[in-house]
Amino acid sequence: AVSAPRRACALAVGGDDTGLWGRGSDGNWGSLGGGLSSCLEAVRVHPSGNVTIVARGADTALWRKTSAGTGWGRWTLVGGVIQSDPIAVSPADNIIDVFVRGADNALWENTSTDGGMTWGTTFQSQGGVITSGADAASCGSGHLDVMVTGADGALWHKGSNGANWSAWGPLGGVFTSDTGSPCPSGTMSLLHMARGADPPVAAGVLPATWPGLPPPGTAHRQSG
């Protein structure tokens, strides 16, 4: 089972106090604490049903908060020094992968294999020189596709088939924003959108890292 990221507005929001606020089943808002310096990202995993929120804290590190269905746990430090909003995706049962732009402008990854309750002790570098936050999607169990804007302003892609990561592959274009790259339900394609230099908004459809389609790193930009 695969769960796409659920944006925090459907679950909780950042308040004027830079903390996290949530709305319960009774319709009332309550503070969930924290001091945040980024947008929130929330992901629900199967089969546990755990919901994890990740965000950059005031200390520029990654923090997470998890609900196992009986209320929220405390904010817990994951670590790192990050320069972007985090992106979270669940490519397989109880697995969450989080991607961020690190202090060295490379892509960094941390993984939870138990539904968000515990995380790797260190981040793993996926390399590259990026100028945006990442976006990630999983079109099938174990598969991951990550999109970023590179130092040349072009869209770059890196994919995993569950066992190995591809090299970075250029997809062209000139972009001036973070990219959005969801995998529409029931498809094997990534829909990417970003702010372009010309035209002002660019969009395209790319094959994901799916069996029978081109292997990771060989997708081609089809429109923009």
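Two strands pair if DSSP finds at least two bridges between them. Strands themselves are DSSP runs (E, at least two residues), as helices are (H or I, at least four), and both are numbered from the N terminus. With these terms, leucine 107 stands opposite glycine 127 in S12.

The structure is a predicted model, in which local features need pLDDT of at least 70 and side-chain atom pairs count only at pLDDT 80 or more, while totals for chains, interfaces and linings use all residues. Residues are numbered from 1 along each chain as its sequence is written, and side-chain values use heavy atoms, with hydrogens and water left out.

The protein chain contains 18 strands and zero helices. Of its 224 residues, 46% are buried. Buried means under 20% relative accessible area, exposed means over 50%, and partly exposed lies in between (1.4 Å probe, protein chains only). The accessible surface of the protein chain is about 10,000 Å², and carbon and sulfur atoms hold 55% of that surface. This area comes from the Shrake-Rupley method with a 1.4 Å probe. A contact means heavy atoms within 4.5 Å. Among contacts with a separation of 6 or more, 37% join residues 24 or more positions apart.

The average for the protein chain is 75, and 65% of the residues score at least 70. Confidence is highest in S11, at 96, and lowest in strand S1 (residues 5-7), at a mean of 40. Over residues 1-16 the pLDDT is below 50, yet this stretch has 47 contacts in the model beyond near neighbours in sequence. Residues 210-224 also have a pLDDT below 50, with 41 contacts counted in that way.

Strand S11 belongs to an open sheet. Four strands form this sheet in the order S9-S10-S11-S12, and their pairing is antiparallel. Strand S9 (87-92) and strand S12 (124-127) are the edge strands, and each pairs on one side only. Neighbouring strands of the sheet are turned against each other by 30 degrees on average, direction ignored. Axes for this angle are lines fitted to C-alpha atoms (for helices, over the stretch in contact), and angles run from 0 to 180 degrees between N-to-C directions. Three bridges link S11 and S12 in the antiparallel sense.

Asparagine 110 sits in strand S11. Asparagine 110 counts as buried because its relative accessibility is 2%. A polar atom of its side chain lies 3.0 Å from the backbone nitrogen of glycine 120. Neighbours within four places in sequence aside, the contacts of asparagine 110 include Val78, Ile96, Trp119 and Phe123.

Strand S14 is another enclosed element. Six of the six residues of strand S14 (residues 144-149) are buried, so the strand is largely enclosed by the rest of the structure. In a regular strand the side chains alternate between the two faces of the sheet. In S14, Leu144, Val146 and Val148 point one way, while Asp145, Met147 and Thr149 point the other way, and all are buried.

S14 has two antiparallel partners described here. Strand S13 (residues 135-137) pairs with S14 over three bridges in the antiparallel sense. Here aspartate 145 in S14 is the bridge partner of alanine 137. The hairpin of S13 and S14 has six residues between the strands, and glycine 142 in this hairpin takes a positive phi near 85 degrees. Strand S15 (residues 155-160) pairs with S14 over six bridges, again in the antiparallel sense. Serine 160 in S15 is the bridge partner of leucine 144. S14 and S15 form a hairpin with five residues between them, and glycine 153 in the turn has a positive phi of about 85 degrees.

Histidine 46 and proline 47 are joined by a cis peptide bond, with omega about -5 degrees. Proline 47 lies in the loop between strand S5 (41-44) and strand S6 (51-56). Threonine 60 is not a glycine, yet its phi is positive, at about 70 degrees. This threonine 60 is placed in the loop between S6 and strand S7 (62-67), and is partly exposed, with a relative accessible area of 31%. Asparagine 105, also a residue other than glycine, has a positive phi near 65 degrees. Asparagine 105 is found in the loop between strand S10 (95-101) and strand S11 (107-112). At 27% relative accessibility, asparagine 105 counts as partly exposed.

Terms used. Polar contact = N/O pair within 3.5 Å; in protein donor to acceptor, adjacent residues only side chain to side chain. pLDDT = per-residue confidence, 0-100.
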